[in-house]
Amino acid sequence: MDEVNGSQFTEFNLGGVVIPPEEIAKAETLRITAIEGPDVSKDVLLEINACGLVNSQRRKNDGCTIIGSQLQNEQGEVQNDFVMNQDDHGIGSRHLIIKYNMDDRKYYMRDLGDGSGTFVRLDKPLELRNGFIVSFGYSHMAVNIFGDAPNGTYSSYQANSRLQLKFIDGPKTDQSFLFSADQKVQIGRMPNCDIRFDDTQLSRVHCSIENVDGRWVLTDGDGSKPSTNGTWLFVDELFQIYDEMVFKAGQTLF
């Protein structure tokens, strides 16, 4: 199954390391374009190499590109490589970081916890993990995966046999739904959906979740076509960036 790369959980230093200039020739260049958003030109292009953002205002060459709404902190130190003057549109003072990792020569992204969040649009099946926050329409739901291993035995299928989805924002706030491994969960506007919404932002079948060989996998859309407005993952863990990936920060789409 073609899934969003599971290496989004790779941990490495988020700063304090100077990337040698010769690493630039070994790494691919990352280019990011704004698609839509308040006060952002659609031709905005961020060009990022192994050392960080080209023409960075922070000038650290540590492989980090930090995006936020304020150039300087209270001490007058430059804290962002790229500034989006949108503090009234959900962009935090230090909103997100893009980091180059020398070990695998890949770029990763993570929200920094200031602002209204950084979300990746799911255009591939995603293996769910505990603590994931998935968003669609006006709703945010938290993922909890658990299960029992009977008779003292253990298998990944038994350990991951239960899925709990708890809504933390939106029309079903504080509601929880529990599913077993033999169920395929459909979320959307259709009357036969397992979790049904009267929300015009959602498609008839907006997304589905099923247990595949002991792994809970989420797929956007009904399996034949994607949802209209997308299913999004909140990236509070490092997430590997891939070609043509779409993400949003605040109200801006990249």
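# Reading rings and strands

F167 is buried, its relative accessible area being 0%. The model is predicted.

Visitor: Which residue forms an edge-to-face aromatic pair with F167 at 6.0 Å centre to centre?

Guide: Rings count as edge-to-face when their planes are over 60 degrees apart. Here the partner is F177, with 90 degrees between the planes. F167 belongs to strand β12 and F177 to strand β13 (residues 176–180), so this pair ties together parts 10 residues apart in sequence.

Visitor: Is F177 buried or exposed?

Guide: Buried means under 20% relative accessible area. F177 has 18% relative accessibility, so it counts as buried.

Visitor: How many aromatic pairs does the structure hold?

Guide: Seven. One of them joins F136 and F167: the ring centres are 6.3 Å apart and the planes stand at 75 degrees, so this pair is edge-to-face. It links distant parts of the chain, with F136 in strand β10 (residues 133–136) and F167 in strand β12 (residues 162–169), 31 residues apart. F136 is buried too, at 1% relative accessibility.

Visitor: Which residues form one aromatic cluster?

Guide: F136, F167, F177 and F197.

Visitor: Where does the charged end of K124 sit?

Guide: Over the ring of Y242, 4.2 Å from its centre. The charged end of K248 sits over the ring of F119, 5.7 Å from that ring's centre.

Visitor: What is the strand order in the open sheet of three strands?

Guide: The order is β1-β2-β3, and the pairing is antiparallel. β1 (30–33) and β3 (52–53) are the edge strands, each pairing on one side only. Four bridges join β1 to β2 (residues 45–49). I32 stands opposite L46 in β2.

Methods:
Residues are numbered from 1 along each chain as its sequence is written. This is a predicted model: local features need pLDDT of at least 70, side-chain atom pairs count only at pLDDT 80 or more; totals for chains, interfaces and linings use all residues. Side-chain values use heavy atoms; hydrogens and water are left out. Two strands pair if DSSP finds at least two bridges between them. Helices (H or I, at least four residues) and strands (E, at least two) are DSSP runs, numbered from the N terminus. Rings of Phe, Tyr and Trp (its six-membered ring) pair if their centres lie within 6.5 Å; planes under 30 degrees apart count as stacked, over 60 as edge-to-face and the rest as tilted. Buried means under 20% relative accessible area, exposed over 50%, partly exposed in between (1.4 Å probe, protein chains only). A charge sits over a ring if NZ of Lys or CZ of Arg is within 6 Å of the ring centre and within 35 degrees of the ring normal.
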